[in-house]
Amino acid sequence: MPLGQQILASFSRARYAAWADDVEHCRQLLAEIRNVSSKLDNGAYGLIFRAANQLSERLTGPDNDQSVALSDSRLIITRHLRAVIHRIADFEFEVRAYLDDLSWEESLYKRVTSIAAERSARPIDVAQKQDASTFEGEKRLRRPSASWRMVDRDLVCDILVGPFGLIKMKGTWISIKPPRQIDQVRATFEMALNEIDLDVRISSPSSAANTHLT
Amino acid sequence: MDFKFTQNMLLGFSPRTWPGSSAQELSVSSTALEAAGSYAGSSHIFEMGRHYDAYVADEFEAPEFLEIAGFPSSPFPKQLLEKARSAGVTGNIGETLTGIAAIETFGCNAADIAHLVVRSKIKTPDFLIRKTDTLELVLQAIGVTGLNLPDWWLVESKSRSGAINDSDIEQGLIQLITLWFELKDYSAQDVGFGIVVGTALRPDREIYIHVFTPKNKTQQQALVNYLSTLGLEPKFTKSVVAQIRTYLS
């Protein structure tokens, strides 16, 4: 892959990571971009470096306490996806999951289509995407948005998959008292992500299989 | 809810026949907006999917919930009949739709598009997309020939809750011109190229994809030369923009 394209891919992953609040991973990706920026002429994609610098400044700005690290228990990593669990109300949780291996995008949408066809209460609208290619011989990715619901013990989890390889999971805890520990909600979210990304789960964040800029 | 937008392709401000026959209608669901809105929009807004349902639906259009006996078919109070739409929410929906239109119409994969805006007050295009095979085919189909196409394309979004007109699109063009002014000194080959996507959320739900290119290589050089005469901090007045438009298709 040409270096310019790799930089765009790394920047997209960094933006996804920032969206999910996967701050340390975002910093790593931005550092990779910084390391190669001097090797390139400043074409229009020089704008990526500028945006990467702005994002770095935000992450190191006064509003971001770098000593507060994201705890491993909030982070879920599968082979191609990364996700962070957020608590947004007493009984409500949200997981923001994103494609960290961009080459897996087509497989992601195939998996999602398959799961939604089986689980969704609504029929998934794939028909209008099937003829998306407009030119002879052109192969275009089908990217149907999909959602389905999963109920596991005391957690009701709505899984929404949209464009850009982004997944949002909304969890509502239905017991009278909130969960005692994060693992009680994490297990359900992790199960949902592992169902999407069927490959073997990676146990340690540091061993995640990523494409690094060279 | 799923809403269908009619897409229109323009070279500059001149309408072109839609390149291809099957994807002119873009169907976008509230699920897509909910999952991607907080990523591809610039402002921080919760529950983008529900905003999308309310902002894009017609006044008498009810959400199609799964049926439950006893519940009315139109459960939402019609708040938007008495409350104004927020420009920030409209802008976020428009930016997200721009990203979706770009990936669908120009065949971009996740690795071909980046959402660049980090700080809204700094000059940055909303998206940067890589030249894909599909983008090249689209450009050929609408009559862009004889130019060295850049590998990277700036994409600006303009959205309105009602109809969108040429002056709205010109605002997006001025944002492109501002960036071309910077690029002229170190990346002259990229000057004159860019895309403005205008989105009208209602009543007709239309997306206007304006592709800007120089008329030819000579006019591209003339544009670079003209931008170089504008001083260090130019104001892009109506007359300056009118002059710049003479170099563009």
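Q: Which are the buried residues of H1(B)?
A: They are B:Ser30, B:Thr31, B:Ala32, B:Leu33, B:Glu34, B:Ala35, B:Ala36, B:Gly37, B:Ser38, B:Tyr39 and B:Ala40. A residue is buried if 20 or more other C-beta atoms lie within 10 Å of its own, exposed at 12 or fewer, and partly exposed in between, with C-beta atoms placed from the backbone. This is a predicted model: local features need pLDDT of at least 70, side-chain atom pairs count only at pLDDT 80 or more, and totals for chains, interfaces and linings use all residues. Residues are numbered from 1 along each chain as its sequence is written, while chains are lettered from A and ligands numbered from 1 in the order in which they are written.

Q: Why does B:Trp180 count as buried?
A: B:Trp180 has 24 C-beta neighbours inside 10 Å, so it counts as buried. Its place is in helix H5 (residues 166-183) of chain B.

Q: What does B:Trp180 touch, not counting residues up to four places away in sequence?
A: B:Trp180 touches B:Val191, B:Gly192 and B:Leu227. Contact requires C-beta atoms, placed from the backbone, within 7 Å. The C-alpha atoms of B:Trp180 and B:Val191 are 5.1 Å apart, with the two residues 11 apart along the chain.

Q: Why is strand E6 of chain B largely enclosed by the rest of the structure?
A: Eight of the nine residues of E6(B), residues 152-160, are buried, so the strand is largely enclosed.

Q: How do you know that E6(B) and E7(B) pair, and in which sense?
A: Pairing needs at least two bridges found by DSSP. E6(B) and strand E7 (residues 194-200) have six bridges, therefore they pair. The sense is parallel. B:Val155 has B:Ile195 as its bridge partner in E7(B). Strand E5 (residues 127-130) of chain B is joined to E6(B) by four bridges, and these two run antiparallel. There, B:Leu128 is bridged to B:Leu154.

Q: What makes a right-handed β-α-β unit here?
A: E6(B), H5(B) and E7(B) make the unit. Right-handed means that, with the strands pointing away from the viewer, the path from the first strand over the helix to the second runs clockwise.

Q: Which residues have the most contacts inside the largest nonpolar core?
A: They are A:Ile48 and B:Leu128, in a core of 117 residues. H1(A) gives the most to this core, nine residues. Such a core is a set of buried Ala, Val, Leu, Ile, Met, Phe, Trp, Tyr and Cys residues joined through C-beta atoms within 7 Å. Leaving aside neighbours within four places in sequence, B:Leu128 contacts A:Tyr45, A:Leu47, A:Ile48, B:Ala114, B:Leu116, B:Trp152 and B:Leu154.

Q: How many residues does the contact take from each chain?
A: Chain A gives 44 residues and chain B gives 45. On the side of chain A that touches chain B, H1(A) has the largest share, eight residues.

Q: How many helices and strands does chain B have, and why is chain B as compact as a globular protein of that length?
A: Chain B has seven helices and eight strands. Its radius of gyration is 19 Å, close to the 18 Å that the globule rule gives for 249 residues, so chain B is as compact as a globular protein of that length. The radius is taken over C-alpha atoms, and the rule is 2.2 Å times the number of residues to the power 0.38. Of the 249 residues, 46% count as buried.

How values were computed
Two residues are in contact if their C-beta atoms, placed from the backbone, lie within 7 Å.
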